[in-house]
Structures are given as C-alpha cells and as structure tokens.
Amino acid sequence: MKIIRFSALWCMSCILMKSRWLQVLKTHPNLEVIDYDFDEHSKEVIKYQVGNILPVVIFVQNDIEVTRIIGEKSLKELNKILETMGL
Amino acid sequence: MIYLDYSATTPVNRRVLDYFCTVSEQCYGNANSTHQMGKIAKEKIDLASKAILKMFDTDNHEVIYTSGASEANNLAIKGVAFRKQHLGKHIITSVFEHPSVTTCMGYLQNQGYDIEFAPTNNMGVVDVEALRNMIRSDTILVSIAGVNSEIGIIQPINEIGLMMKMFPFATFHSDLTQAVGKIPITITNIDLVTFSAHKFYGLKGIGALLRKTTTILEPQIHGGKSTTESRSGTPAVSLICSMEKALDLAVCRLDSQYRIVFGLKKLLLAKLALIPNVVVNSNDACLPHIVNLSVLSKDAHTMVDILDRQGIMVSMQTACYTGSQRSESVYRLTNNEQRAQTSFRISISYLTTLLEIDALIDVIEMAA
C-alpha cells in the first residue's frame, strides 16, 4: 500500500496534517509515501483529480485507488480510517 | 471611488512622497561607497535608523531594511531556523498569520522542522499559558503576529514577550505589519519585529526587520556587508528615509487617528447590525481598522464584485481552498463553513468619511 499526498506550502491544514501523518507513519512504517506539491506538480494534480480542498491523501494498492482523505482529520480519525482499511 | 482596503495598502502621504523625492535628488550616492556622496547617504540612513528605533523606544535593536514585510518575515523565520538548527527544529506559530509566515512554516516543515500551532481562545487570542507549556528544550522560534490581517485579532504580544524571557534559547518574532502606526506597541521583549511602510501611508517597496542585537540570523541574501550583515544589497536611501518620515507622521497622529477610526467602526457596526443576513466575524479583540463580515446570502467573490461595480473597494482572502473563497482565518475563528465562504474584509482609515460608510451600507443592504 502506498499513499500519495497532495499539499501546498501555504496551506495551514497541510502543515497540521503533515505533523499528524508523521505520528501515524511511525506506527505504519510499511506505508510508502509519495508527496506532490499542489503548485509544482500540476500534471499529477490533474491525473489524480485533486479538487478544491487540501490536503488530499490517496491510498493506492496495485495502482488502484482504494480511498482518499480530503482536508483536516484528527489523529484519532486518521487511525480509525487506517484501522478500517485493515492497516 | 470609495477605498475601504487600507489594510491591503494605504495611499502615500504627500509629505512622505515629497521627502522621498528630495532625498532621491540630493542623496543619490551608494551608502556602501566610501566617497563623500556615499558617506552622505550612509549618514542619512543612520539618522533614519536612530529615529525609527527612538520611535519604538528601543536601543538594543538593529534596523534591517527589506523590500517589505514578506521579505522581513522570511528573513526572520528562515534566518533563525537555519542559524539555530543545531539547537533544535521546533517552531511554534499561530493559525492567524500572514501567508508570508505560514508559507515559510510549510517550507521549513518540508526541510524537517517540527511546526506546531499555539492554541487560541474563542476570540482567536493566543492562550499564553498553553503556549508556555508547548515550549520545549528544542524550541528555537515562536512567531506570533501582533494583529491578524484578515480579521484584525490583536494578540497579547507584550505578555508573550514577557513569558518568552523564561526561555532565552527560543527567539520571539512578531509580524507587526498591521499594528505599526495604528496602535501603541512595546517591543522591549520581542527579538524580531516586522513591518512595512505602505501600511502606514508610506511607499511600497520598503519595510524593516528590527533585530535584537543578541539575535543572530542566517542571511537570506548574500553579497557583501552593506549596512548590515543580515541583508545584502544597495540600501534604498530615499525609501528608507521616506519610511522614517511615514512612521514619524503615523506615530505623532496615532491617538487622534485611532479615535477617528474607532468612532467610524462603531458606526459601521451599528448600521451592519440592522441588516439581515449579515454577520460580523471580527470581535471585541480586534483592531478597529478591520471589520471582517459575511453576507450569508452571497459568496465572498460575488459580494466583492458587487461592491466593486458600485465603486467600493474591499478585499477577500483565500487559503487552502484552491478554487473557492473560503477564508482560513474566519474558519479557524468561527468553525463555520458558511461564514468562511462568505467573508470579506472592510478596512477603514482616518481618511474614511461618513458618506463612504453610508454608501457601503446601502450596497450591502441591497445585496444581502
């Protein structure tokens, strides 16, 4: 499983969420993370149909999107989502 | 035309402009040159710096001239972060900062810095006790703006500065861009202070970072000593002098201008209170110069366009919502999506007239 994260330097929610993901990833070291910058990687933004709200985190398995998390979520919510996915 | 966007920028004061022209004509030397014209320019800058520091009532800060507040914020934040990275990478800021601060934080986070946001109360004011409890042995910087640019929330920077004295290893930076020339400021306990001349009837293209002499920064522009080791480049003598003039005029008239603006805001709020569908997002903890409001029946972009078509200029802010008009600051303050999507900023000045307020109210009444 890998996660593709879209964020922007100016986005406060992205800063908040990156800190929370840092904690989550400590307990999920097998998750591969690919980061894209919303302003720099326009090709990927279009490819993954990133909408108006940042950050966007897309879970991908075998090149197929499993789910995506949009906007801010608490640490508890993040852990619950991962738990639901059996991670 | 009715201009109600004074927090974005102000019209230049005629005396400031005249002084800029005089200095430009008379002191065209490069202050870094060792010849007579260079010395005259250097002396002019030194006098301006002394006057600026006197106005801030400090003798232990240096004035670093920049192109404006965004550059000054970048120099302050990255300058401290890079200089002190061997001591730690923990930085605390607030959710009500200008994008030039928030974006620096995003950039530093990508460089491995640990960025945290200080908790605020329901008025958007930083909880100083909670902030104190967040400071760790690896905290290198706390950056809290004196006044939020979108809603006008005033932060207790004196209290924060006093508290920060308990943590001499951490630098305290405050972006005072929306505060300077509008409210009295004490910077004794602030290590780094940012401001920009065009917010107080000065010219665009000049700002400053006041650096406490004990605070060392990693320069962001390299290229020689210039007037300071922290920022290279040929000093803009006439812009520097014009900023000193603008600051002098703003500080001298601060009380009287504040009273005018306070009265205008009171009147504006009273009139807005009578209009259905209008909610004021600014609160009692806010600067009188800024009134952030929502016309709930119209998204912010539509409302700003309606006002613009009637010759009334206000502004809106966007962040994080890449294609819509959601205000991050209003959302953080109110936790209300509708208010965040419909909010816009009216910023008034001592130049604002009662007729202008009436015209604004008429248009809002029609649109609401």
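Trainee: How far apart do the C-alpha centres of domain 1 of chain B and domain 2 of chain B lie?

Mentor: They lie 28 Å apart. This is a predicted model, where local features need pLDDT of at least 70, side-chain atom pairs count only at pLDDT 80 or more, and totals for chains, interfaces and linings use all residues. Residues are numbered from 1 along each chain as its sequence is written, while chains are lettered from A and ligands numbered from 1 in the order in which they are written.

Trainee: Where are the bounds of the two domains in chain B?

Mentor: Domain 1 covers 14–252 and domain 2 covers 253–367; such bounds come from an automatic or database domain assignment.

Trainee: And how many residues of each are in contact?

Mentor: 22 residues of domain 1 of chain B are in contact with 20 residues of domain 2 of chain B. Contact is defined by C-beta atoms, placed from the backbone, that lie within 7 Å. On the domain 1 side, the largest share, four residues, comes from helix 7 (residues 237–252) of chain B.

Trainee: OK, chain A now. Which pattern does chain A follow along the sequence?

Mentor: Chain A reads β-α-β-α-β-β-α, with three helices and four strands. These are DSSP runs, numbered from the N terminus: helices are H or I with at least four residues, strands are E with at least two.

Trainee: What radius of gyration does chain A have?

Mentor: Chain A has 12 Å, which agrees with the value near 12 Å for a compact globule of 87 residues. The radius is taken over C-alpha atoms, and the globule rule is 2.2 Å times the number of residues to the power 0.38.

Trainee: What joins strand 3 of chain A to strand 4?

Mentor: Six bridges, and the two strands run antiparallel; pairing requires at least two bridges found by DSSP. A:Q61 stands opposite A:I64. The hairpin has two residues between the strands, and A:N62 takes a positive phi near 50° there.

Trainee: Last one: how many residues of chain A are in contact with chain B?

Mentor: 14 residues of chain A, against 18 residues of chain B.

Definitions and conventions. Contact = placed C-beta atoms within 7 Å.
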